[in-house]
Amino acid sequence: MPAQTSDQKWAAKAAAGDESAFRELYRAYVRPVYWIAHGILGSAPDAEDVTQETFVAAWRKLRGFELQGESILPWLATICRFQAANRLRQRRRDQANTADAADETIPSTISVEEQVITTDLAERIAAEVGTMTALDREIFRLCAAEGYAYQAAAEELGISHAVVRNRLSRVRTRLRGAVKEASEA
């Protein structure tokens, strides 16, 4: 049996309710999560809020979570993107309801390059996911996007734990290949 990575050890302990293990994950990934949020939102205060919301959501979803990859960052990044999308929707609602709010919510500086990279990457991932079978898309949605444990996803879909684990591994490999091709292009 291969040795566990530190993320796998911390995630397993945190999933069992160990707050100190979760603090280790927080310390290790608060900066990358912040920069993902900042790249999407373009606002330091919103990025700080979304970073906190990401870790609160992660803590809530950890019970029963099984990290199969070496790093927990992709899972945290997915949660962060959902939180940031919620923040953007809230901004739009606020702007629609308050005419004067538009100028206040536009960031003073916008990194077009970061937004293009983030948008391009998200589009490439979405396009690749769109070419997958319905079952693979559902497994990806449940496990990668919503944080379901393999067993919970298996029960939800009426398939075995092994099928979920194996198919998700292939999906992740395929997505890594698509992301790598995008970064090399």
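Me: Let's start with a term: a residue is buried when its relative accessible area is under 20%, exposed when over 50% and partly exposed in between (1.4 Å probe, protein chains only). What percentage of the 185 residues in the protein chain do buried residues make up?

Reply: Good place to begin, and note that this is a predicted model, where local features need pLDDT of at least 70, side-chain atom pairs count only at pLDDT 80 or more, and totals for chains, interfaces and linings use all residues. Residues are numbered from 1 along each chain as its sequence is written, and side-chain values use heavy atoms, leaving out hydrogens and water. In the protein chain of 185 residues, the buried share is 34%.

Me: How many helices does the secondary structure of the protein chain have?

Reply: Helices (H or I, at least four residues) and strands (E, at least two) are DSSP runs, numbered from the N terminus. Read from that end, the elements go α-α-α-α-α-α-α-α-α. There are zero strands, and the number of helices is nine.

Me: Among contacts in the protein chain with a separation of 6 or more, what percentage comes from residues 24 or more positions apart?

Reply: Contact here means heavy atoms within 4.5 Å. Among the contacts with a separation of 6 or more, residues 24 or more positions apart account for 64%.

Me: How many charged residues does the contact of helix 1 with helix 2 have?

Reply: Asp7, Trp10, Ala11, Lys13 and Ala14 of helix 1 meet Ala21, Phe22, Glu24, Leu25, Ala28 and Tyr29 of helix 2. Ala, Val, Leu, Ile, Met, Phe, Trp, Tyr, Cys and Pro count as nonpolar, Asp, Glu, Lys and Arg as charged, and the others, Gly among them, as polar. By class, the contact has eight nonpolar residues, no polar ones, and a charged count of three.

Me: Is leucine 25 buried or exposed?

Reply: Leucine 25 sits in helix 2. Apart from neighbours within four places in sequence, leucine 25 is in contact with Asp7, Trp10, Ala11, Ala14, Phe55 and Ile72. With a relative accessible area of 3%, leucine 25 is buried.

Me: And how does glutamate 24 count at 30% relative accessibility?

Reply: Glutamate 24 is also a residue of helix 2. Its C-alpha lies 9.7 Å from that of serine 6, 18 residues away in sequence. At 30%, glutamate 24 counts as partly exposed.

Me: Which hand does the crossing of helix 2 and helix 4 have?

Reply: The axes of helix 2 and helix 4 (residues 73-97) come within 9 Å and cross at roughly 35 degrees. A crossing is left-handed if the near helix is turned anticlockwise from the far one by less than a right angle, and right-handed if clockwise. Residues in this contact divide into 13 nonpolar, no polar and three charged. The crossing is right-handed.

Me: How far apart are the axes of helix 3 and helix 4?

Reply: Helix 3 (residues 44-61) meets helix 4 through residues including Asp46, Phe55 and Lys61, with Trp75 and Arg91 among the partners. The contact residues divide into nine nonpolar, two polar and six charged. The pair packs at an angle of about 130 degrees, and the axes are apart by 9 Å.

Me: Which residues does aspartate 136 contact, leaving aside neighbours within four places in sequence?

Reply: Aspartate 136 belongs to helix 7 and counts as buried at 12% relative accessibility. Its C-alpha is 9.1 Å from that of arginine 170, 34 residues along the chain. Its contacts beyond those neighbours are Arg167 and Val171.

Definitions and conventions. Axes are lines fitted to C-alpha atoms, for helices over the stretch in contact, and angles run from 0 to 180 degrees between N-to-C directions.
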